[in-house]
Amino acid sequence: MIRWQNLWRFIPLFGLMMLLLTGCGDQTISALKPRGPVARDQLFLMKLSFGIMLLVVVVVFVLYLYVLVRFRKKKGDKDIIPKQVEGSHTLEIIWTVIPIILLLILAVPTVQYTFKLLEDHRDNKEALHVKVTAHAFWWQFEYPELGIATAQDLVIPTNKKIAFELTASDVKHSFWVPSLGGKMDTNPGNTNVYYLQADEVDVFKGKCAELCGASHSLMDFKVKSMDQADFDQWVTKMKTPASVPADAQKGEQIFKDNCLSCHAVNAQGLGAGPNLNGFASRELVAGILPHNDESLKQWISDPQSVKPGNKMPQVGLKDDQINDVIKYLNSLKLK
């Protein structure tokens with residue numbers, strides 16, 4: 001019993017830990033640190049709604065404390081009931097009109113920004129059109145006007161609207177880049193549209209925000225924003241076929257015999273698995289592992305140990321064959 005009574009001593013420690021932990025996190029995955037106009041508009045709505053709620057809480061507590069102090073029973077007072085205001089038309093009008101005004105202050109900009117942020121910019125010639133297809137558990141990105149496709153790494157130019165067309169191939173997922181804007185569901189057989197925009201050159205982390213299966217938490221992707229000139233250069237590199245060195249050609253043949261039915265390695269190819277064009281220039285394997293030979297070997301030999309429930313089969317290659325395939329994959333660099 002004494003032990004439980006002494007727990008209050010830990011309250012300052014818990015408070016200090018909470019204060020310190022609020023500083024943990026990644027600036028590129030926070031909706032509270034917007035890096036584009038869409039994220040800033042959405043943060044404004046969050047601040048507006050929070051401000052209104054805080055105002056209501058403060059007013060209610062002030063009135064509550066005023067009543068406690070003003071009408072508290074003092075020593076020697078008789079049991080007198082304070083003056084009742086039930087049926088006061090003035091007060092009823094006040095506490096009916098004020099909530100309506102607060103709701104209007106919140107509702108008008110919310111509706112306005114909702115229609116603004118859900119505009120369809122696919123026909124906007126100044127916007128970049130990107131088709132996003134969610135798979136279990138990876139992301140496919142197509143650039144129809146540019147004639148290229150890639151996976152896991154979404155590359156965009158800065159200061160330009162990116163018109164998204166989102167769908168899914170299997171179950172419901174949700175596309176979310178917190179620093180650039182809110183989430184949008186991807187549904188099989190249905191297409192959702194919205195747009196994002198990045199102000200600065202940086203790398204932003206993206207997540208799947210809908211529980212979609214065993215590896216939902218591992219369904220990450222990255223958004224790389226770059227200057228228009230660098231983006232145009234990236235497009236050119238993506239369209240330039242990779243030159244396979246002689247020592248990697250054996251692995252290329254093993255890849256064609258076992259993997260090419262699912263994985264494309266050209267600019268426009270789509271398949272059951274991610275397009276691996278420019279794969280050696282990516283920083284991660286399977287979206288989560290560091291890009292090195294050890295990670296590649298783990299992924300190829302036993303993909304279920306990395307992402308449980310994913311659809312990549314165990315090919316059954318021998319160690320020397322896997323090493324040859326890794327050598328070939330490492331040659332798929334953007335020149």
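Trainee: What is the strand order of the open sheet that contains β4 and β10?
Mentor: The order is β4-β10-β9-β6-β7, an open sheet of 5 strands with mixed pairing. Strands here are DSSP runs of E with at least two residues, helices are runs of H or I with at least four residues, and both are numbered from the N terminus. This is a predicted model, in which local features need pLDDT of at least 70 and side-chain atom pairs count only at pLDDT 80 or more, while totals for chains, interfaces and linings use all residues. Residues are numbered from 1 along each chain as its sequence is written, and side-chain values use heavy atoms, without hydrogens and water.

Trainee: Why do β4 and β7 stand at the edges?
Mentor: Two strands pair if DSSP finds at least two bridges between them. β4 and β7 (181–186) each have a single partner strand, so one side of each is left without a neighbour in the sheet. The twist averages 25° from one strand to the next.

Trainee: What makes β4 and β10 a pair?
Mentor: 5 bridges join β4 to strand β10 (residues 221–226), and the definition asks for at least two. The two strands run parallel. Asp153 has Lys222 in β10 as its bridge partner.

Trainee: Why are α3 and α4 called roughly antiparallel?
Mentor: Angles run from 0 to 180 degrees between N-to-C directions, and the axes are lines fitted to C-alpha atoms, for helices over the stretch in contact. Helix α3 (residues 37–70) and helix α4 (residues 89–117) pack at about 165°, with their axes 11 Å apart. Under 35 degrees counts as roughly parallel, over 145 as roughly antiparallel, 65 to 115 as roughly perpendicular and the rest as oblique. α3 and α4 are therefore roughly antiparallel.

Trainee: What makes α7 oblique to α9?
Mentor: The axes of helix α7 (residues 293–301) and helix α9 (residues 319–329) come within 10 Å and cross at roughly 120°. That makes α7 oblique to α9.

Trainee: What is the volume of the largest cavity?
Mentor: The volume is about 30 Å³, and the count is 1 cavity of 30 Å³ or more. On a 1 Å grid over the protein atoms alone, a cavity is a set of points where a 1.4 Å probe fits but cannot get out, and lining residues have an atom within 4 Å of a point. Grid points are joined across faces, edges and corners, and the volume is the space filled by probe spheres set on the points.

Trainee: Which elements give two or more residues to the lining of the largest cavity?
Mentor: They are β4 (153–157), β5 (162–168) and β6 (173–177). The lining includes Leu154, Phe164, Val177 and Gln197.

Conventions
1 Å grid on protein atoms, 1.4 Å probe; cavity = no way out; pocket = protein on both sides within 12 Å on 5 of 7 lines; lining within 4 Å.
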